[in-house]
Amino acid sequence: MDVLFNSIDVRDLLPSHDLDESSPLSAPDLRLLTDRLHVRSLHIQSKVRQYILSHHHDFSTLFAQCSDAVSRSEHLSGQVSELLGLISDRPIDVEIKGVIEEIGRKRREAREIKELLELVRVISELSEKLKFVREEVREGRVVEAASALRGLKEVLRIQDNVAAAEEGEPAVYALLRKEWTDCFEEIQEVLVRFMESAVRFEQQSNMVRVKYRASVKEIDGLELRTVLEAMEVVGILDYGLAKVADLFIKHVVTPAVNHVPHTSFVEELNQDSKSTTEVVLKMVLSSDPKSLIVYLFLKKYLQGDDVGGETIYSAIVQIVKFIYHTLCFKSGPWMQCFGRLTWPRMSELIISNFLSKVVPDDASKLADFQKIIQLTSQFETDLKEMMFISATDNKDERLSNFTDNVEVHFASRKKVEILAKARNVLLRSDFSLAQDYTNKGTKLKNEEAIESSSSREVDLLFSSERCVVSGAASKLMELVHETLKDVCLSSTRVALEFYHAARDAILLYEAVIPVKLERQLDGINQVAVLIHNDCLYLSQEILGFAFEYRADFPSSIKELAVFIDLAPRFQLMAEEILQRQIKLVVYNLNEAIDSTDGFQNTHQMKQYESAKFAIDQVIFILEKVHIIWEPLLLPLTYKRNMCMIIEAVFCRMAKDILLLDDLAAEETLQVEDFVRAIFTDSPLRKECLWRIGNAGFDKL
């Protein structure tokens with residue numbers, strides 16, 4: 001049948017297959033095509049009739065089923081129509097409605113009961129599992145108990161071993177979580193108490209005992225390996241090993257680091273007929289003085305600090321091996337946990353008690369520190385092989401990081417020493433001058449005075465003159481010059497630290513001296529003038545650093561090393577101190593001149609005596625300033641500022657005199673005597689004459 005209904009190709013019915021498809025057919029071809037299509041149609045009809053007749057039974061059955069389905073569909077449709085008609089004709093009976101509602105209620109109750117039964121089943125299972133955990137703990141099967149407890153932790157949604165209630169959950173879940181917490185605390189207590197029983201530190205006999213079997217809370221024969229496995233499963237390995245790790249640091253590692261030449265370790269095994277039951281690590285503290293003498297000899301004459309490093313590292317490696325084999329059973333996770341608990345403190349002990357003490361105190365000894373670096377690197381490699389520290393995390397290479405930065409540590413130590421020395425110089429200096437150092441009229445006396453005092457006479461770099469500075473400034477500058485010479489001879493990192501040390505040492509003067517000598521700066525004295533000279537001297541020395549040292553600085557810090565910014569600070573400080581002194585002098589002089597009462601009524605004896613006493617006070621102040629300033633200040637600075645003070649004195653006197661209404665002949669002579677006394681009775685004759693001439697007093 002399928003062949004009959006295949007598509008018919010018209011070209012197959014034509015006499016010739018080579019016809020052009022675009023050309024029209026002729027009349028004979030069309031008639032021939034029509035006849036052949038008719039024949040073909042008759043043939044297909046005959047075949048279809050034969051097929052239907054041969055399958056008559058099948059077609060009769062199919063049609064009967066279709067008729068039956070249609071009849072049932074019509075009957076069902078009729079029933080639905082009758083029901084709809086019944087519903088539409090009158091309301092639902094109350095009894096039927098109640099039955100429907102009861103059916104719905106019963107179904108809901110059945111569903112709720114089913115859910116409650118399921119909840120009860122789950123709660124019962126969880127409760128049974130918690131009981132199982134307790135029983136397993138009592139039977140000593142702590143690993144199984146820990147595994148079950150961990151599974152319950154996920155089911156009860158407990159985080160960080162804390163049972164927190166969730167909103168909207170059944171109250172029984174809170175009870176289950178509390179029971180889980182009780183189980184957790186119980187197994188934690190058992191495991192921790194076992195660790196305390198299994199690992200004991202006997203301080204009097206200096207030994208550590210590790211028992212492979214112990215009894216805790218009526219649990220007999222609990223094995224150490226089993227306890228560690230249980231702690232790992234339940235997630236309290238850090239907590240369980242914390243106390244043991246702390247005691248190892250206190251009673252084993254610390255003595256090993258602090259008593260290097262006297263400490264050695266010995267392991268002992270205690271066995272029964274079947275296996276090892278206990279391992280003992282004894283710490284032997286030698287009291288033989290010969291061992292100490294040999295150690296000190298080797299340390300001083302042969303290998304320096306290498307002996308101490310090798311001894312410390314060897315002792316600690318022996319301790320870690322004991323932990324690796326005896327306590328952690330060569331387990332990587334357990335060893336890593338123990339390392340996390342002990343390595344930070346252990347490395348800090350080694351650094352503070354050994355490495356920091358053997359940092360070279362001289363740049364020439366830095367090369368000798370390479371042996372310590374090699375020993376430290378090998379020591380950390382040994383710890384990595386035993387998985388005590390991480391092989392991939394560089395943060396655990398604490399000792400290597402310290403030794404690799406030994407230049408920085410050396411420079412930091414030297415910087416601290418330099419600043420401490422500078423601070424001591426500044427605090428201990430008394431800024432004193434010998435009593436004989438009063439003027440420059442007796443040169444020999446001046447030189448002897450300088451030698452006998454803490455002050456010194458120095459050359460100024462950018463001036464042909466010399467000035468007297470305090471011992472603090474000269475010693476501080478000597479220290480700074482030594483430091484800058486070390487900068488020129490050091491590596492980049494060390495040079496940078498020395499450079500900062502030099503800057504900070506200079507700045508210490510600015511920070512310390514004004515505070516220390518604040519009281520002296522409030523008066524007219526030599527200390528204030530010395531501080532002025534110190535600041536002037538320091539500023540010129542600072543300006544000279546670039547010419548003296550910059551060319552020899554390491555190339556990498558030539559652009560970083562800057563001192564010129566400090567020079568103006570000290571120049572400004574020097575000027576402020578000098579101006580403060582001038583203000584104090586002028587203030588005192590004005591107070592003395594105020595006593596003259598404007599030179600009024602000097603013809604009266606009382607007023608004359610008062611004015612004469614005031615002029616004597618002015619002369620006394622000027623003489624005091626001359627005695628203090630003239631030996632210490634630079635000549636030009638002294639002359640400029642003294643003339644400024646004298647000008648202020650005569651200007652004030654001229655102002656008072658010009659304000660007088662009238663002067664008698666006697667008063668005129670008296671005022672002239674007062675003016676003349678200032679430059680005849682004081683050692684400032686030249687300055688007075690020069691200032692009087694320029695101020696027009698000769699015409700007064």
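**Ground rules**

I note that this is a predicted model, where local features need pLDDT of at least 70, side-chain atom pairs count only at pLDDT 80 or more, and totals for chains, interfaces and linings use all residues. Residues are numbered from 1 along each chain as its sequence is written, and side-chain values use heavy atoms, with hydrogens and water left out.

**The whole protein**

I found 23 helices and 8 strands in the protein. Helices (H or I, at least four residues) and strands (E, at least two) are DSSP runs, numbered from the N terminus. Of the 700 residues, 39% count as buried. Next I looked at contacts, meaning heavy atoms within 4.5 Å. Among contacts with a separation of 6 or more, 70% come from residues 24 or more positions apart.

**Back to Ala-198**

I placed Ala-198 in helix 5, which covers residues 171–198. Leaving out residues up to four places away in sequence, Ala-198 touches Arg-209, Val-210, Lys-211 and Leu-224. I checked Arg-209 in particular: it is 11 residues from Ala-198 in sequence and 7.6 Å away in space, C-alpha to C-alpha.

**Ile-236**

My next stop was Ile-236, in the loop between helix 6 (224–234) and helix 7 (237–258). Ile-236 is buried, with a relative accessible area of 4%. Beyond its neighbours within four places in sequence, Ile-236 is in contact with Phe-184, Gln-188, Leu-191 and Met-231. Gln-188 is 48 residues from Ile-236 along the chain, yet their C-alpha atoms are separated by 7.6 Å.

I counted 22 residues in helix 10 (residues 332–353), which reaches 29 Å from its first C-alpha to its last, close to the 32 Å expected at 1.5 Å a residue. The expected span is 1.5 Å times one less than the number of residues. Where does helix 10 have a kink? I found one of about 45 degrees at Thr-342, shortly before the proline Pro-344. The bend at a residue is the angle between axes fitted to the seven residues ending there and the seven starting there.

Lys-330 sits in the loop between helix 9 (306–327) and helix 10. I noticed its positive phi of about 60 degrees, although Lys-330 is not a glycine. Most residues other than glycine have a negative phi.

Leu-383 lies in helix 11 and is buried, with a relative accessible area of 0%. Not counting residues up to four places away in sequence, I saw that Leu-383 touches Val-320, Trp-343, Phe-388 and Ile-389.

Met-387 belongs to the loop between helix 11 (370–385) and helix 12 (398–404). Met-387 also has a positive phi of about 60 degrees without being a glycine. I found Met-387 partly exposed, at 27% relative accessible area.

**Helices 15 and 16**

How do helix 15 and helix 16 run relative to each other? I found them roughly antiparallel (under 35 degrees counts as roughly parallel, over 145 as roughly antiparallel, 65 to 115 as roughly perpendicular and the rest as oblique). The residues of their contact divide into 13 nonpolar, 1 polar and 1 charged. Ala, Val, Leu, Ile, Met, Phe, Trp, Tyr, Cys and Pro count as nonpolar, Asp, Glu, Lys and Arg as charged, and the others, Gly among them, as polar.

Notes. Buried means under 20% relative accessible area, exposed over 50%, partly exposed in between (1.4 Å probe, protein chains only).
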